[in-house]
Amino acid sequence: MKILIIQNDSLGQPGIVAERIEAQGGKAEIRKPHEGDPLPESPKGYDGMVVLGGVQHANDDANFPAFPAILESMRDFHREGRGLLGICLGAQLMARAFGGKVRRHTHLEVGFHDLTVTPEGQKDPVVGGLGTTARIMQWHEDTFDLPEEAELLMKGEGCRNQAFRVGKRSYGFQCHFEATPAIADTWFAACLPSLTKHLGAEKAPSTLTRLRAEWPGNAPNARRFAEAVSDRWLALD
């Protein structure tokens, strides 16, 4: 098994997804298109494609000219029935690739939030049977409209569209289920300017303290969800 992983920036690491690829005996091939890595000419030789998160906005082709090629590669993997998995920015790009509109959300959604599995999600081979709710890490400024052919699998109160499927093997997750405590630590080290921009200089430090404090109690259940979702996605026919 060989999985292509698109890394959009240094903070967007594959985390638990890469762990599960290796645990299944597979190989994760990481490419960084924004740093000049070429994308493969076709999905041939790959079993799936993962597009990770990043600080970029999914519509910002002017500053990130690799986006159109990433979108086309995502559509190629989908057309050929290879697995496709988008996480955070990757989910927004996936929505865009299939005709959904990506836009700024009303607020910065950050920290652990409860997500509800929809009736369609409860029947889904990847998220079904994992409980009716999941508490997963969030960190995003944007959101998206579902593509016409998509099924909504998970929804949130503060941001509705959290997980969706297009066809049989293409999945997008707005939430950061791939994140580990070590990955989160890199975000916390870099995030104070962003939190200050959104929340103000008075609230940003206390929010950062809250985010750090949330991890010990939430990480075990979040990891179980992430491992199950990753394994099930990798096992799709």
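Predicted model: local features only at pLDDT ≥ 70, side-chain atom pairs only at ≥ 80, totals over all residues.
# Strands, rings and pockets

Student: Over how many bridges do β3 and strand β4 (residues 83-87) pair in the parallel sense?
Tutor: The elements first: helices (H or I, at least four residues) and strands (E, at least two) are DSSP runs, numbered from the N terminus. Two strands pair if DSSP finds at least two bridges between them. For β3 and β4, running in the parallel sense, the number of bridges is four.

Student: Which residue stands opposite Gly 48 in β3?
Tutor: Look to strand β1 (residues 2-6), which pairs with β3 in the parallel sense over four bridges. The residue standing opposite Gly 48 is Ile 3.

Student: Are the residues on both faces of strand β3 (residues 48-51) buried or exposed?
Tutor: Buried means under 20% relative accessible area, exposed over 50%, and partly exposed in between (1.4 Å probe, protein chains only). Gly 48 and Val 50 sit on one side, with Met 49 and Val 51 on the other. With both faces covered, these residues are all buried.

Student: How many of the nine residues of α3 are buried?
Tutor: This helix is mostly covered. Its buried residues include Leu 89, Gln 92 and Met 94.

Student: Near what value is phi of Cys 88?
Tutor: Cys 88 lies in the loop between β4 and α3, and this residue is buried, with a relative accessible area of 4%. Most residues other than glycine have a negative phi, and most peptide bonds are trans. Cys 88 has a positive phi although it is a residue other than glycine, near 55 degrees.

Student: How many aromatic pairs does a search of the whole structure find?
Tutor: Rings of Phe, Tyr and Trp (its six-membered ring) pair if their centres lie within 6.5 Å; planes under 30 degrees apart count as stacked, over 60 as edge-to-face and the rest as tilted. On that rule, the search finds eight.

Student: How many residues apart in sequence are the parts that Trp 139 and Trp 187 tie together?
Tutor: Their pair is edge-to-face, 6.0 Å centre to centre with 75 degrees between the planes. Trp 139 belongs to strand β6 and Trp 187 to helix α5, so the pair joins parts separated in sequence by 48 residues.

Student: What is the angle between the planes of Trp 139 and Phe 188?
Tutor: Both of these residues are buried, and ring pairs link Trp 139, Trp 187 and Phe 188 into a cluster. The pair of Trp 139 and Phe 188 is tilted, with centres 6.2 Å apart and planes at 35 degrees.

Student: Which element supplies the largest share of the lining of the largest pocket?
Tutor: A pocket is an open set of points on a 1 Å grid over the protein atoms alone, with protein on both sides within 12 Å along at least five of seven lines, while a cavity is a set where a 1.4 Å probe fits but cannot get out; lining residues have an atom within 4 Å of a point. The largest pocket is lined by 23 residues, with Trp 139 among those nearest its centre. The largest share, four residues, comes from β6.

Student: About how much space lies in the largest cavity?
Tutor: Grid points are joined across faces, edges and corners, and a volume is the space filled by probe spheres set on the points. Phe 112, Met 137 and Trp 215 are among the lining residues of this cavity, and its largest share of lining, three residues, comes from α7. The space in it is about 30 Å³.

Methods
Residues numbered from 1 in each chain as written. Heavy atoms only, no water.
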